[in-house]
Amino acid sequence: MDIEVFVTPGLGDNSFLLTSGDEAVIVDPQRDAWRFLEAADRRRARVRAVLETHVHNDYISGAHEVRDAHGAQLYLPADGGYEFDHVGSREGEELTVGDLRLVAIDTPGHTFEHIAWLVYEGGSDQPSAVFSGGSLLVGSAGRTDLLGPDHTAALTKHQYETVQRLKGLPEGVQLLPTHGAGSFCVSSMPSTSRTSTLGAEFRTNDMVLATSPEEFEDELTGELMAYPAYYPYMAPINRTGVPVLRRTPQIPVVSADDVAAAVERGVTVVDARGRDEFAASHIPGSLNIELNSGFGSYVGWILPFGSATVLVLPEDEGAAADAATQLLRIGWPMPDGVLDGGVEAWAASGRATGSYATASPQELCDALSGEEPPHVLDVRQPLEWKWGTIPGSQTVFASDLPGREDEVPTDRPVYIVCSNGHRAAIAASLLDGKGPEPVLVGDGGVGEVLRMCRERQAVDA
């Protein structure tokens, strides 16, 4: 048995290629499934099946790509409501791959239809691994509130029962979850390890150590982060299915005139360059979402789902393919184009550019001790505010800022801060030109500001 783990950092998810001899299965593949297929080809293995643990709420499935390429059968939860041909799987569903036997077990909680897959080697009657999907995770468990408040209580009860059931498996069983560190589908801060064993979780995972349903619920719901606004669109798309692409689509290169015409039509310019470059010069009205691993998530979080976009990209080779792949994973339409020559070409065409100031945490601390302190806008998540805020600061999560820009004072500069500058950069671009004079704290965050101000006060005392 050979297991290859594919980690998608921006979404915080794992997909798995399980190989035995010249046969393989792929578990919970994402939309850009050609990376898994290439790995199977290197092993000279035919992918006989795709196994899904649940209807995904955070990404678009790549099951159809795998079926198209290898003729794989799709084993999907029987109660998932899928509208295309598949094998509806529930408790007791079995298939063999090489000398492995895979058996489905019902594990509701993260979703109602959720199943896990046990892996048995040779003729063993004891499983050696479990693909746990969004049930038991490494150091955590899948959250139960993603389907809305009307279902949270029932799903939490199911998740407790599922975790208790998994506690009945041998300690040596490998735990292979789909969700992990970086995923908004986790209920609390998980371990950074992508896999574990049940024995390790039995000793250290607070969800497993909970001694009652009430204690489990407290652990499960005590540190929930807000989750992206695009999530409700994912399950309906996954139930319907998506077209086969076979490769990442190419985004066309367009001129400054084309971008200007797109802006006139109401298309959003998403500028994926670094925060300092954007602050120095950008197309007025554009949105700064840096092309890091969270690019796709924040595009889907900030903009109305499926909005038309054009991109301004870093000069890095592969930037267009990276942006296209991240958007593809969340079912976002391909951008209308990438601006040829970037902001320099825009300026060379005679069109105006915008800019705003930046500041360091130390400069913000210095400003706060001045005679006329600035306004501070903290755009972290609500959970993070509980960990400490700058006294007197306004708190609005970055994704909630669109439509609320007029709540920010305009009579003085507004220093915008988060934990590391990424979300502050998004917020600064949203406020630019809307009234307040934004000052981006792009290097460091609230923690550094509080520490520096404490040190300053100690020196002054």
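Guide: Pro236 lies in helix 7; helices here are DSSP runs of H or I with at least four residues, strands are runs of E with at least two, and both are numbered from the N terminus. Please note that this is a predicted model, in which local features need pLDDT of at least 70, side-chain atom pairs count only at pLDDT 80 or more, and totals for chains, interfaces and linings use all residues. Residues are numbered from 1 along each chain as its sequence is written, and side-chain values use heavy atoms, with hydrogens and water left out.

Pro236 has a relative accessible area of 42% and is therefore partly exposed; buried means under 20%, exposed over 50%, and partly exposed in between, with a 1.4 Å probe and protein chains only. Between the C-alpha atoms of Pro236 and Glu455 there are 52 Å, and the two residues are 219 apart along the chain.

In soluble globular proteins, nonpolar side chains tend to be buried together.

Most residues other than glycine have a negative phi. Arg246 is exposed because its relative accessibility is 54%. Asp28 likewise has a positive phi, of about 50 degrees, without being a glycine. Asp28 is in the loop between strand 3 (23–27) and helix 1, and its 0% relative accessibility makes it buried.

Let us turn to charged partners. A salt bridge is a side-chain nitrogen of Lys or Arg within 4 Å of a carboxyl oxygen of Asp or Glu. By this rule there are 23 salt bridges. One of them joins the side chains of Arg265 and Asp336, with 3.8 Å from N to O. This pair links distant parts of the chain, 71 residues apart: Arg265 is in the loop between helix 8 (256–264) and strand 16 (268–271), and Asp336 is in the loop between helix 11 and strand 19 (338–339). Arg265 is exposed, at 57% relative accessible area, while Asp336, at 36%, counts as partly exposed.

Another salt bridge brings together the side chains of Glu4 and Arg43, at 2.7 Å from N to O. Glu4 belongs to strand 1 (residues 2–8) and Arg43 to the loop between helix 1 (34–42) and strand 4 (46–51), so the pair ties together parts that are 39 residues apart in sequence. Arg43 has a relative accessible area of 30% and is partly exposed.

A further salt bridge forms between Arg404 and Glu407, whose closest N and O atoms are 3.0 Å apart. Arg404, at 30% relative accessibility, is partly exposed, and Glu407, at 42%, is partly exposed too. Shared partners also join salt bridges into a network, which contains Asp2, Glu4 and Arg43.

Other charged residues gather on the surface. Asp276, Glu277, Glu315, Asp316, Glu344 and Asp443 form a patch of negative charge there; patches are made of residues with over 30% relative accessible area and no salt bridge, like charges being joined within 9 Å and nonpolar side chains (Val, Leu, Ile, Met, Phe, Trp, Tyr) within 5 Å.

Pro382 lies in helix 14 (residues 382–385) and is partly exposed, at 36% relative accessible area. Its C-alpha atom is 8.2 Å from that of Val396, which is 14 residues away along the chain.

Terms used. Accessible areas come from the Shrake-Rupley method with a 1.4 Å probe; for residues, only the protein chains shown count as cover. Lys and Arg count as positive and Asp and Glu as negative; His and the chain ends are not counted. The place of a charge is taken as NZ of Lys, CZ of Arg, CG of Asp or CD of Glu.
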